[in-house]
Amino acid sequence: MPVRMLKRHTIIALIYFMIIAILGVLLRFFAITDIPVSYKYIVHTHSHIALLGWVYTALTTVIYFSFLRSQPIKNKYRIIFWFTQVTIVGMLLTFPFTGYALFSIIFSSLFLIASYWFVYFFFKHCPKSLRKTGSYKLIRISLWYMVISSIGPWALGVIMNTAGSGSTWYRNAIYFYLHFQYNGWFIVALCGIFLYILEKRSFIIPQKLFDKFYYLLNAGVILTFFLSLLWMRPHWSFYLLALIGGVFQLIAFGVLFRAIYSKAIFAFKSLSPMLIFSIRLVVFLLFVKLIAQVLGSFPVIAESIFTNLDMIISYIHWVFLGIVSVLLLAFLNNFKLLKLTRTELYIYLTGFFLTEFLIFFRGLAGLTGIGTLASIHLLISLASIIIFTALALILGRQLLSKD
C-alpha cells in the first residue's frame, strides 16, 4: 500500500515538473513576442514550483520510500504531504498574479513550516537499524541544510522592511537560500539515496573513507557559499575561502568515486542499465559543476559571470535540470515509483543539452562581444519545448499505467 501511495505522490511531483516546463517555455517566448502577463511574476512562480513542487515533492517521496516505508506511519505522513501540497498549490495560484504579496508570502511561509514538520517526522520515525549507515548520515545533514537554507526567506521580510529590496542584504539572502538548497539539501540528499542503493546491495564504504568524504563534502558546501558573495567584489579572503571550498568538494567526490569504482563492481552489475547510464552521466555533469566552482572563485571569472544573466541561468539549469532532475527520475524509476523509457530520457536530455548550449552560447557572445544568431531566442524556445515534450510523455505514461 505505501508503494501505491508513493506512486501517486510521484505523479503529483511530475505534474509540477510539467508546469515548470510550461512556464519555462512561456519565459522563453517573452523574448519573441508580447505576452500580457508579468515576466517577473512568472519567474517567481517558475522558481518556487521548481524547487518546492518538483524537487521537494520527488525527493521527500524517495526519502520516505528508502527510509520510512517499513514504519506504520502512512496516515501521519499523508497529513504532512497534503498540507505541503496545499501550500505549493497556494503559491502556484498566487505568485503568477501578485508576485511577492500577502497571500504568496503566507503560502511560502506555511511551506517552510511544513518542511520543518517533515524533518521532525523523519528524525522521529527513521528506524534505528538505518541510523548508523552512511546513507542516513547524508540524508540527515541534507535535511539540516534545508532548514538552514530557510534562514534566507525568513530574513527577506526583515530586510525588505529595513534595508529594502535593492540592498546587498536582499540579494545575499536569496543566494544563501539557493546555495544551501542546491548544494546542501539537493545534492547531499541525492548522494545519500545513491549510497542507500549500494548499501542494499551489501556494499559499505569503509568508515575512514566515508568520514573523509563526509567532512570534506560538508566543509565544501559551507565554504562554497562564499562564491555567492563574490558579486560584491569583497576582500581577497572571500575568494580564497571559495576556492578552498571548491577544492574540498572536488577531493570529496574523488574519494567517493574511487572508493565505489574500485570496490563496488559487483554491486554496480546488479543495477539496471538505465540507472548506470544516468549515474555515469551525472558524474560527468557533476565534474563540470565542480570545475566551474573552482574557476568561478578567481576574480576575473567571478566578475564576468555575475554580470552575465545567461551564465547564471546556464549554471542553475545545469544543476537543476541536469544533476538533480536526471538523478531523481533515475531513482524514482529504480524504485519502480515511475516508469521511464530510454527514449523518454534521451528526448529529455536532448532538450536539456540544447538549451544549455544555446543559453551558454548567448552568454558567451555577450561576454566576448562576438555576434550571436539572429534566431537564438526562437531556438532556445524550441529546445525548451523538447523538454516539455519529454515530460509530457513521461507523465502520460504514468497516468495511463494500470499499476
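Tyr41 touches Phe95, Pro96, Phe97, Thr98 and Gly99, with residues up to four places away in sequence not counted; contact here means heavy atoms within 4.5 Å. This is a predicted model, in which local features need pLDDT of at least 70 and side-chain atom pairs count only at pLDDT 80 or more, while totals for chains, interfaces and linings use all residues. Residues are numbered from 1 along each chain as its sequence is written, and side-chain values use heavy atoms, with hydrogens and water left out.

Tyr41 itself lies in helix 2 (residues 39-68); helices (H or I, at least four residues) are DSSP runs numbered from the N terminus. Along the chain, Tyr41 and Thr98 are 57 residues apart, yet their C-alpha atoms are separated by 6.9 Å. With a relative accessibility of 28%, Tyr41 counts as partly exposed, a class that falls between buried (under 20% relative accessible area) and exposed (over 50%), using a 1.4 Å probe and protein chains only.

Phe123 belongs to helix 4 (residues 102-125). At 19% relative accessibility, Phe123 counts as buried. Beyond residues up to four places away in sequence, Phe123 touches Arg131, Tyr136, Arg140, Leu143 and Trp144. Phe123 and Ala31 are 92 residues apart in sequence, and their C-alpha atoms lie 46 Å apart in space.

His9, found in helix 1 (residues 2-29), is buried with a relative accessible area of 2%. Gln293 sits in helix 11 (residues 273-295) and, at 3% relative accessibility, counts as buried. Leaving aside neighbours within four places in sequence, Gln293 is in contact with Asn183, Thr224, Leu227, Gly246, Gln249 and Tyr315.

Helix 8 (residues 207-223) and helix 9 (residues 236-263) pack at an angle of about 150 degrees, and their axes are 7 Å apart. Axes are lines fitted to C-alpha atoms, for helices over the stretch in contact, and angles run from 0 to 180 degrees between N-to-C directions. Helix 8 is therefore roughly antiparallel to helix 9, a term for angles over 145 degrees. The residues of this contact of helix 8 with helix 9 divide into 17 nonpolar, three polar and two charged. In this count, Ala, Val, Leu, Ile, Met, Phe, Trp, Tyr, Cys and Pro are nonpolar, Asp, Glu, Lys and Arg are charged, and the others, Gly among them, are polar.

Ser262 is also found in helix 9. At 46% relative accessibility, Ser262 counts as partly exposed. Ser262 and Tyr170 are 92 residues apart in sequence and 46 Å apart in space, C-alpha to C-alpha.

Terms used. Helices (H or I, at least four residues) and strands (E, at least two) are DSSP runs, numbered from the N terminus. Angles under 35 degrees count as roughly parallel, over 145 as roughly antiparallel, 65 to 115 as roughly perpendicular and the rest as oblique.
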